[in-house]
Amino acid sequence: LYALTWEDVDGAAGVIHVRRSVWKGQVGLTKTDDPRDVALTEPMVAVLAAHRHRMLHAQHPGLEAGLVFPATTGGHRGSEPVRHLLLKAAKAAGIPSRVTSQVLRRTFNTLMLEAGVNEVILRSQMGHADRAMTSRYAGIHAEAKQAAVGQLHALVDGGEEGKEADLVAPAGCTQPDLVQPAGAQNDETP
């Protein structure tokens, strides 16, 4: 977000074009070297429009550079002021945990997965290069684990009282979470 310019924001289409990043004060390509489009909801577009209006009204020094979230001096913002704002907001909200921009990304990722959003779409939105990164960002809540155990129980139970299904691991599998019903096809098995 530190390198985001108003040219990158397309409110009419509901999209932000993420083309650059700022790392240690230097503007460069995104971390994955792959620009992406991030979808916005109408309320997000409205918040950005109000933010721009406030910047114009105050004649913020960042207007000249076209930055959406500039530092008070008008240049690229560093991470420390954002970290400070997040800590202040968390305290005001009564959140005892340390809240960082990474926590917000992880929360977004987890909530999108829990909402059933397609992983390919989520990876595109998050800018993740692969499934492993999206998985690393996922926090699994106790309720989700309980539901998974319930699904396994229903599978083992065969959907009928007293009937059990045989479970087997795919060829070469040593991970217990990949156990599947006997005869099921695993699209990752060679």
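Tutor: A residue counts as buried when its relative accessible area is under 20%, as exposed when it is over 50%, and as partly exposed in between. Apply that to R20 in this predicted model: R20 has a relative accessible area of 29%, so R20 is partly exposed.

Student: What share of the residues of the protein count as buried?
Tutor: The protein has 190 residues, and 22% of them fall in the buried class. The protein exposes about 13,500 Å², with 58% of that area supplied by carbon and sulfur atoms.

Student: How many helices and strands are there, and in what order do the elements run?
Tutor: There are six helices and seven strands. Read from the N terminus, the elements go β-β-β-β-β-α-α-α-α-α-α-β-β. As for contacts between residues at least 6 apart in sequence, 34% of them join residues at least 24 apart.

Student: Back to R20. Which residue forms a salt bridge with R20?
Tutor: The partner of R20 is D8, and the closest N and O atoms of the two are 2.5 Å apart.

Student: Is D8 buried or exposed?
Tutor: D8 has a relative accessibility of 2%, so D8 counts as buried. The cut-off for that class is under 20%.

Student: How many salt bridges does the structure hold?
Tutor: Three. One of them joins R83 and E80, with 3.1 Å between the closest N and O atoms. Both residues are in helix α2, where their spacing of three residues is about one turn of the helix. R83 has 30% relative accessibility, so R83 counts as partly exposed.

Student: Next, the sheet. How should I read the pairing of strands?
Tutor: Strands of a sheet pair through backbone hydrogen bonds, and the pairing is either parallel or antiparallel. Here, an open sheet of three strands has the order β1-β2-β5, paired in the antiparallel sense. Its edge strands are β1 and β5 (36–39), each of which pairs on one side only.

Student: How many bridges join these strands?
Tutor: β1 and β2 pair over two bridges, and four bridges join β2 to β5. Then look for I16, whose bridge partner in β5 is V38.

Student: Which residues of β5 make up its covered face?
Tutor: In a regular strand the side chains alternate between the two faces of the sheet. In β5, R36 and V38 make up the covered face, while D37 and A39 make up the uncovered one.

Student: How do I read a pocket?
Tutor: Rolling a probe the size of a water molecule over the atoms shows where empty space is left. In this protein, the largest pocket holds about 2,200 Å³ of space.

Student: Which residues lie nearest the centre of the largest pocket?
Tutor: L1, Y2, R36, S101 and R105 do, out of 49 lining residues. The elements that each supply at least two residues of the lining are β2, β3, β5, α1, α2, α3 (101–114), α4 (119–126) and α5 (131–137).

Student: Helix α1 is on that list. What is H51 in contact with?
Tutor: H51 is in helix α1. Leaving aside neighbours within four places in sequence, H51 is in contact with W6, V68 and F69. The relative accessible area of H51 is 18%, so H51 is buried.

Student: Where is Q59, and is it buried or exposed?
Tutor: Q59 is in the loop between α1 (42–58) and α2 (79–92). Its relative accessible area is 59%, so Q59 is exposed. Check its backbone too: phi of Q59 is near 50 degrees, a positive value in a residue other than glycine.

Terms used:
Residues are numbered from 1 along each chain as its sequence is written. This is a predicted model: local features need pLDDT of at least 70, side-chain atom pairs count only at pLDDT 80 or more; totals for chains, interfaces and linings use all residues. Side-chain values use heavy atoms; hydrogens and water are left out. Buried means under 20% relative accessible area, exposed over 50%, partly exposed in between (1.4 Å probe, protein chains only). Contact means heavy atoms within 4.5 Å. Accessible areas come from the Shrake-Rupley method with a 1.4 Å probe; for residues, only the protein chains shown count as cover. A salt bridge is a side-chain nitrogen of Lys or Arg within 4 Å of a carboxyl oxygen of Asp or Glu. Two strands pair if DSSP finds at least two bridges between them. On a 1 Å grid over the protein atoms alone, a cavity is a set of points where a 1.4 Å probe fits but cannot get out, and a pocket is an open set with protein on both sides within 12 Å along at least five of seven lines; lining residues have an atom within 4 Å of a point. Grid points are joined across faces, edges and corners, and a volume is the space filled by probe spheres set on the points.
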